[in-house]
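Good morning, and thank you for joining this group meeting. Please look at the structure on the screen while I go through its features in turn.

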Amino acid sequence: MAELCNRREAKRYQTALRLQQCAVRLTLDHGFDGWTIDDLAAAADVSRRTVFNYFDGKAEVVLGPEPDVDEELVATFVGGGPTGRLFDDLIVMAHEATREKADSDQHMAAVRDAVMNDPRLIQLVHQRFESAAALLGDCIRQREGADFASEKVRVILRLLITFFDDALERTAADASLTFAQHFDNSVADAREALG
């Protein structure tokens, strides 16, 4: 029974990844508004219904679902951990948020290319960033205290986004390292430059 469940889960994962890859390819070729869910279903050789069994809409299939961070890790972060250093602990959270995508680094780089070439996707990513920033900002203020300046929160979050974007560029240029390794190298380079 466990083997059957594992095969189903593997098939489900492969279908979702194929849908995402096809959606990114369609976006790169035609722009985000230049294709429909029916076009995606045809490209991925699935039914329209199958697409909606996996994703809520076009934005989610291209960008992937919102990152899901373990509630226990969030509680540890708010409590001052896991290292006791705010920025280092945010790096741990960033790794957790991207962990499930670790085996599709090139896909992540292709999503970046699609986003950077489409104003509508840039807007959608910005909305996601604002939502994530608000949640993470709340966690930082819970941890650091209500008087922790909003400007500091925003700068810290923008640094994380910069590291993420730089790691995606590095991943596209050098597939010999994983996204997580490129992310860590980007952070290390910044520390060295500012050090």
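**The overall fold**

Read from the N terminus, the elements of the chain run α-α-α-α-α-α-α-α-α-α. In other words, the chain has 10 helices and 0 strands. Please keep in mind that this is a predicted model.

Let me give the overall dimensions. Taken along the principal axes, the C-alpha atoms fill a box of roughly 50 × 45 × 35 Å. The accessible surface of the chain is about 11,500 Å², and carbon and sulfur atoms account for 53% of that surface. The chain has 195 residues, of which 36% are buried. If we consider contacts between residues at least 6 apart in sequence, 65% of them join residues at least 24 apart.

I turn now to helix 10. This helix covers residues 179-194, 16 residues in total. From its first C-alpha to its last it reaches 23 Å, close to the 22 Å expected at 1.5 Å a residue. Which residues of helix 10 are buried? They are Phe179, His182, Phe183, Ser186 and Val187. Viewed down the axis of helix 10, these buried residues fall within an arc of 140°, so they line one face of the helix.

What do the buried residues of helix 10 pack against? Their partners are helix 6 (86-98), helix 7 (105-116) and helix 9 (150-173). Leaving out residues up to four places away in sequence, Ser186 touches Phe163, Asp166 and Arg170.

Next, the aromatic rings. The count of aromatic pairs comes to 5. In one of them, the rings of Phe87 and Phe163 have their centres 6.0 Å apart and their planes at 75°, so this pair is edge-to-face. The pair links distant parts of the chain, since Phe87 belongs to helix 6 and Phe163 to helix 9, 76 residues apart.

Phe164 lies in helix 9 and Phe179 in helix 10, so the pair ties together parts that are 15 residues apart in sequence. Phe164 is partly exposed, with a relative accessible area of 30%, while Phe179 is buried at 3% relative accessibility.

The charged end of Lys58 sits over the ring of Phe32, at 4.7 Å from its centre. In a second case, the charged end of Arg143 sits over the ring of Phe77, 4.8 Å from its centre.

Let us move to helix 1, residues 2-30, which contains Cys22. Is Cys22 buried or exposed? Its relative accessible area is 16%, and Cys22 is therefore buried, as the cut-off for that class is under 20%. Apart from neighbours within four places in sequence, Cys22 is in contact with Leu40, Ala43 and Ala44. Cys22 and Val61 are 39 residues apart in sequence, and their C-alpha atoms are 9.2 Å apart in space.

Finally, I would draw your attention to two details of the backbone. A cis peptide bond joins Gly81 and Pro82, with omega at about 0°. Pro82 is found in the loop between helix 5 (71-78) and helix 6. The other detail concerns Asp45, which has a positive phi of about 60° although it is not a glycine. Asp45 is placed in the loop between helix 2 (37-44) and helix 3 (48-54), and at 70% relative accessibility it counts as exposed.

Thank you for your attention.

Technical notes
Residues numbered from 1 in each chain as written. Predicted model: local features only at pLDDT ≥ 70, side-chain atom pairs only at ≥ 80, totals over all residues. Heavy atoms only, no water. Helix = DSSP H or I, 4+ residues; strand = E, 2+ residues; numbered from the N terminus. Expected span 1.5 Å × (residues − 1). Buried < 20%, exposed > 50% of the residue type's maximum accessible area, 1.4 Å probe, protein only. Arc of directions from axis to C-beta. Contact = heavy atoms within 4.5 Å. Phe/Tyr/Trp six-rings, centres within 6.5 Å; stacked < 30°, edge-to-face > 60°. Lys NZ or Arg CZ within 6 Å of the ring centre and 35° of its normal. Areas by Shrake-Rupley, 256 points an atom, 1.4 Å probe, with all protein chains shown as cover.
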